[in-house]
Amino acid sequence: MRFLLPFLAATAATAAAIEPSHSSTESSHNGSSFQAKCESFREKIKQPNATVHSVTYVPAGVNISMEYNPAICSDGEDPITSTFAFCRIALNVTTSSKSQIFMEAWLPSNYSGRFLSTGNGGLGGCIKYDDMAYAAGYGFATVGTNNGHFGNTGVYFYENTEVVEDFAYRALHTGVVVGKELTQSFYPQGYNKSYYLGCSTGGRQGWKSVHRFPNDFDGVVAGAPAFNFVNLTSWGARFLTLTGNSSAATFVTKAQWSTVHEEILRQCDSLDGAVDGVIEDPDLCQPIIETLLCNATQSSTSGTCLTGAQVETVNGVFSPTYGVDGSLLYPRMQPGSELGAFSIYYSGTPFSYAEDWYRYVVYNNTNWDLTTWTVKDAAVASAQDPYQISTWDGDLSPFQEKGGKVLHYHGVEDPVISSDNSKRYYKHVADTMNLSPSELDDFYRFFPISGMGHCANSDGPSAIGQGSETFSGNKPEDNVLLAMVQWVEEGIAPDFVRGAKLNGSTAEYRRKHCKYPKRNRYVGPGLYTDENAWECV
């Protein structure tokens with residue numbers, strides 16, 4: 001059983017630190033009157049093209065039912081127990097003659113006057129209920145959708161471009177439009193500010209909203225974005241061509257990847273000034289893998305050394321992917337992520353997301369075999385780019401002009417999406433808009449997070465408050481969601497993101513992560529666990 005976090009006990013303190021733009025004064029937001037308001041709300045919902053499944057009052061202290069969540073989305077998950085009362089609305093909204101979305105809106109009794117949309121993950125398909133609970137716990141009227149289909153699979157894209165369009169942008173935007181209308185109807189004061197919170201596919205969705213619907217949000221928190229989406233998918237397909245299957249001479253075993261990881265740390269860990277098991281900036285790390293070549297007295301089967309063919313595989317992993325015309329498709333996998341990346345990319349089996357995208361979107365051929373992939377296939381996929389799903393627009397002028405803010409973060413141990421791609425995008429925006437970092441700072445700030453894996457904690461001080469599993473405090477410097485609220489509503493922009501190395505719910509130590517393009521360097525005199533022993537340079 002999961003409770004909705006220790007942060008909820010401190011919500012009142014947070015509200016005192018960041019005053020909601022509209023504080024609720026209605027007695028109907030408390031106790032039985034709030035319940036009555038919720039239970040009578042269904043008759044007030046007049047959404048076109050919508051089928052309302054339920055409007056339910058959820059009291060504090062109960063397990064939140066997942067009756068609409070299919071098994072493919074909920075297997076292995078513990079139930080969530082609410083610590084606040086809210087009105088829960090579940091409905092379907094038709095998006096075309098061949099597509100529809102499922103969505104939920106959670107309207108909390110502790111409403112802060114703020115609206116927030118959550119995103120999805122992978123090829124999802126699954127509402128991120130943890131994120132909804134996290135945001136609603138802070139008083140946001142919160143929405144989430146299934147992105148046009150249930151399940152973390154692309155099978156529903158097969159011969160149905162309408163579902164692809166939902167996935168690319170339409171499901172999220174539709175959920176925002178409907179969610180805002182529900183919020184305005186339920187709360188007499190409506191909402192004052194609108195926010196977004198998402199990571200991975202959710203990070204891409206946030207950026208797509210910035211590009212295509214600049215008026216949807218005042219503040220966007222976008223983590224580990226899956227933008228440059230089509231080339232990212234092709235990059236995921238390429239790894240199998242490098243490793244081969246588990247019997248190939250080019251295949252690197254899990255034990256050998258552990259050896260590679262140890263060697264990378266030996267060569268690169270100290271480059272930031274501290275030996276702490278964390279690489280602060282992979283840009284400085286250009287590992288020489290040939291140091292692991294087996295000598296005459298060694299055998300690669302021991303896992304402690306590599307053959308020449310295996311060294312070539314590892315070097316390929318840490319090299320960019322280029323297209324048939326020599327253009328850069330996707331940057332390298334950053335070194336330091338290899339332990340997590342083995343089961344995703346290097347295990348000698350096809351990467352399922354890439355296989356699904358090529359089967360059900362690129363070729364509409366359910367028998368297409370990922371083992372046949374070449375960069376010629378990447379060219380075909382890139383030329384399609386349905387509904388500009390790549391999400392690579394470098395001109396953010398409309399979002400900038402309306403006063404929007406975006407906080408972009410990416411873990412530099414990410415084993416799924418290379419953080420090098422986020423750095424490349426930041427440079428793309430700067431070049432496209434002809435703006436220096438100090439000029440971009442007014443509306444766009446990017447924070448590489450050392451010791452963070454894919455959207456979540458890993459080896460270092462990487463809990464930054466982007467969700468329930470990474471909560472480490474209610475101060476805006478410790479919490480990217482609250483940092484965004486402070487930036488939008490008080491004009492105080494974050495100069496750093498403070499991460500915590502968590503042991504359960506206890507922070508062992510903290511570190512301030514630098515705003516790109518600065519990098520963190522240990523300068524002492526204290527231990528590396530002393531956040532004041534580091535500086536941005």
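Residues are numbered from 1 along each chain as its sequence is written. Because the model is predicted, local features need pLDDT of at least 70 and side-chain atom pairs count only at pLDDT 80 or more, while totals for chains, interfaces and linings use all residues; side-chain values use heavy atoms, with hydrogens and water left out.

The protein chain is divided into domain 1 (31–229 + 390–536) and domain 2 (232–387), with bounds that come from an automatic or database domain assignment. The centres of domain 1 and domain 2, taken over C-alpha atoms, are separated by 29 Å. To the contact between them, domain 1 gives 45 residues and domain 2 gives 41 residues, where contact means heavy atoms within 4.5 Å.

Secondary structure elements are DSSP runs numbered from the N terminus, with helices (H or I) of at least four residues and strands (E) of at least two. Nine strands form an open sheet in the order 2-4-5-7-6-8-9-12-13, with mixed pairing; two strands pair if DSSP finds at least two bridges between them. Strand 2 (50–58) and strand 13 (444–449) are the edge strands, each pairing on one side only. From one strand to the next, the twist averages 15 degrees. Strand 2 and strand 4 (residues 86–96) run antiparallel and are joined by eight bridges. Within strand 4, Val-93 stands opposite Ala-50.

Two helices that pack on these strands were examined for direction. Axes are lines fitted to C-alpha atoms, for helices over the stretch in contact, and angles run from 0 to 180 degrees between N-to-C directions. Helix 4 packs on the sheet and touches strand 4, strand 5 (99–108), strand 6, strand 7 (140–145) and strand 8 (193–199). The direction of helix 4 makes about 30 degrees with that of strand 5. Helix 14 (residues 419–433) lies across strand 12 (405–411) and strand 13, and runs at about 160 degrees to strand 13.

Strand 9 (residues 219–223) is largely enclosed by the rest of the structure, because five of its five residues are buried. Here buried means under 20% relative accessible area, exposed means over 50%, and partly exposed is in between (1.4 Å probe, protein chains only). In a regular strand the side chains alternate between the two faces of the sheet. In strand 9, Gly-219, Val-221 and Gly-223 point one way, and Val-220 and Ala-222 the other way. Strand 8 and strand 9 run parallel and are joined by five bridges, with Gly-198 opposite Ala-222. The chain passes from strand 8 through helix 6 (residues 201–212) to strand 9 in a right-handed β-α-β crossover; right-handed means that, with the strands pointing away from the viewer, the path from the first strand over the helix to the second runs clockwise. Strand 9 also pairs with strand 12 in the parallel sense, over five bridges, and Tyr-409 in strand 12 is the bridge partner of Gly-223.

Asn-120 lies in the loop between strand 6 (114–118) and helix 4 (129–137). The relative accessible area of Asn-120 is 2%, so this residue counts as buried. A polar atom of the Asn-120 side chain lies 3.2 Å from the backbone oxygen of Cys-126. With neighbours within four places in sequence left aside, the contacts of Asn-120 include Thr-145, Asn-147, Cys-199 and Gln-205. By comparison, Ser-270, in the loop between helix 8 (254–268) and helix 9 (308–317), is partly exposed, with a relative accessible area of 40%. The C-alpha atoms of Ser-270 and Gly-323 are separated by 35 Å.

Most residues other than glycine have a negative phi, and most peptide bonds are trans. Asn-147, in the loop between strand 7 and helix 5 (161–186), has a positive phi near 60 degrees and is buried at 0% relative accessibility. Ala-224, in the loop between strand 9 and helix 7 (229–243), has a positive phi near 40 degrees and is buried at 1% relative accessibility. The peptide bond from Tyr-516 to Pro-517 is cis, with omega near 15 degrees, and Pro-517 is found between strand 15 (506–514) and strand 16 (520–522). The bond from Gly-524 to Pro-525 is also cis, with omega near 5 degrees; Pro-525 is in the loop between strand 16 and strand 17 (534–536).

Key. A polar contact is a pair of N or O atoms within 3.5 Å; within protein, one must be able to donate a hydrogen and the other to accept it, and residues adjacent in sequence count only if both atoms are side-chain atoms.
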